[in-house]
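Here is a short briefing to read alongside the model. Take a look at the structure first, and then we can walk through it together.

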Amino acid sequence: MQLTNRRKVVSDKKQTVMEQLYLPGLLKGMLITGSHLFKKRATVDYPDEKRPIAPIYRGLHVLKRDDNGAERCTSCGMCAVACPAEAITMESGERKKGEEHLYREEKYAKIYEINMLRCIFCGLCEEACPKEAIFLTDRLVDAEYERDDFIYGKDKLVEKMDQRIDVTKRQTPEVLEFKKIKGLKHNELHDPKKLKDKH
Amino acid sequence: MLVIWSFIIYKAIMCVAVFAVSLAIAAYSTWWERKFAGWLQDRYGPKRAGPFGLFQPLADGGKLFFKEEIIPNVSNKFLFILGPSLVMITALMTGAVIPWGRPLHLNNGDIFALQITDLNIGFLYLLGVVSVGVYGIMIGGWASNNKYALLGAIRASSQMISYEVAMGLAVIALVISSGGSLSLTDIYESQGDGGLANVCWQPLGFIIFFVCALAETNRAPFDLPECEAELVGGYHTEYSSMKLGLFLFAEYINMFISSAIMAGVYFGGYNMPEWFENLYRSHVSLDTFAIIGMACYVTKIFIFISVFMWIRWTIPRFRYDQLMNLGWKILIPLSLLNLALTVGVEFLRGNITI
């Protein structure tokens, strides 16, 4: 099996006079490196210039609020169950009177933590969520000095009302359709027979 | 009395200027090396510290000063400190005999020579001081009491001693063909006013000198003394903080000085080809003319430094036996041949008599 067309058989042949002179070879090499002065750089100058990412990139999570600014999460724990890396922990609380503008459901997450070192960004939490509350976004998890700092609480996860995070790319009609049907698996979406059965 | 004082002041200014310029150019050579290497490898090179990464050398220098300075318990402390100092001192001393330009004429009628001292044995002084630099590396490597440092130091000293022979022979041929004076000013002047640059008379000698200069400055492909694959860091394995910085810095100063020597003795230094000088000579004052000449010299030096770096980022380093074969079996016979040819040609031209 030939893996590359640049393979060369190693031989023990004597050098020719040109090769022994070394200087022609050196000049040839310098021309090759010199020609790279005029070539395009491979570097993506990261903080100033970002590599394009897929529209459905799975990065840092966001906990959505509804249009009135109330948190959508009802602390059902489906995401934590779905999480294969067991990165999500939460503690539920009961909504008091007068907190309707803060929490949409009667039960809400008092503590909601995702350990970003454990998370594998698979997106199963988002798929499991019945309230459209958690989404993966195109943002990245920042570098930190301490391992503890990677446990993101509600302060970092819940979106701010003045800086809402657009997740429409992850709510394509197909996805919305998919979410309507209970018990449907990913690969069954385009299978008309299965789709009919589940309906 | 006044004459002596003004002489001392002029020389002091020149000393400080050469000192500062050597250090500044060495610092910015590190920046240029990284930038140039980046371009050769389709990268940017340093660009975050200041515009175009121009503050990078300052940041690096600052970092080196603040790093912990470790002197190994088992080392000989005096020699351990003497090593890098010696390397640095000799590197800075070499700039003393190089004429950086034609003399300037001051308002009060004095002449300000752009050279610290015009020794009549200038070239011998250079070779001598450069050989003392070997001691710095040897002492530093030996005092570290570390086998890798010792091996690196042995390699460095044997390499530098071997290549000094060929370099000396190339210099003898050069001196014969440029009029028989060892003073650098005389050699530079012999290439001005319609004279050809020495490289036209000494092409082989120039190649030999260039290769030897690469070896003397421990630059690639002759950087075996600091061959990290075999010797950890070579002679500066045990060094840290600014003492390491002195070693690295001295390499760049040596590179600057050897570029200056090559640009000067083989490529005319502040002289330019006559047709080029005639373009502007009659239009400008004598001082402006001298300054233009200096700018030409700096450009030549810059090109040489860049070629040094270009070579470094192109070819891999030699093996130790290849290095010794090249030095003793090829360069020294070649430089003897070059010497014989030079003497023959000069005899036929009638410049030397028996």
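A cavity here is a set of points, on a 1 Å grid over the protein atoms alone, where a 1.4 Å probe fits but cannot get out, and its lining residues have an atom within 4 Å of a point. This is a predicted model, so to speak of its parts: local features need pLDDT of at least 70, side-chain atom pairs count only at pLDDT 80 or more, and totals for chains, interfaces and linings use all residues. Residues are numbered from 1 along each chain as its sequence is written, chains are lettered from A in the order in which they are written, and side-chain values use heavy atoms, without hydrogens and water.

**The largest cavity**
- The structure holds 4 cavities of 30 Å³ or more, and the largest has about 320 Å³ of space, a volume being the space filled by probe spheres set on the points.
- Its lining counts 25 residues, with B:V130, B:M160, B:E216, B:T217 and B:N254 nearest the centre.
- α10(B) gives the largest share of this lining, 7 residues.
- By class, 16 lining residues are nonpolar, 7 polar and 2 charged (Asp, Glu, Lys and Arg count as charged; Ala, Val, Leu, Ile, Met, Phe, Trp, Tyr, Cys and Pro as nonpolar; the others as polar).

**Chain A**
- Chain A has 7 helices and 5 strands (DSSP runs of H or I, at least four residues, and of E, at least two).
- Of its 199 residues, 31% are buried (under 20% relative accessible area, 1.4 Å probe, protein chains only).

Definitions and conventions: Buried means under 20% relative accessible area, exposed over 50%, partly exposed in between (1.4 Å probe, protein chains only). On a 1 Å grid over the protein atoms alone, a cavity is a set of points where a 1.4 Å probe fits but cannot get out, and a pocket is an open set with protein on both sides within 12 Å along at least five of seven lines; lining residues have an atom within 4 Å of a point.
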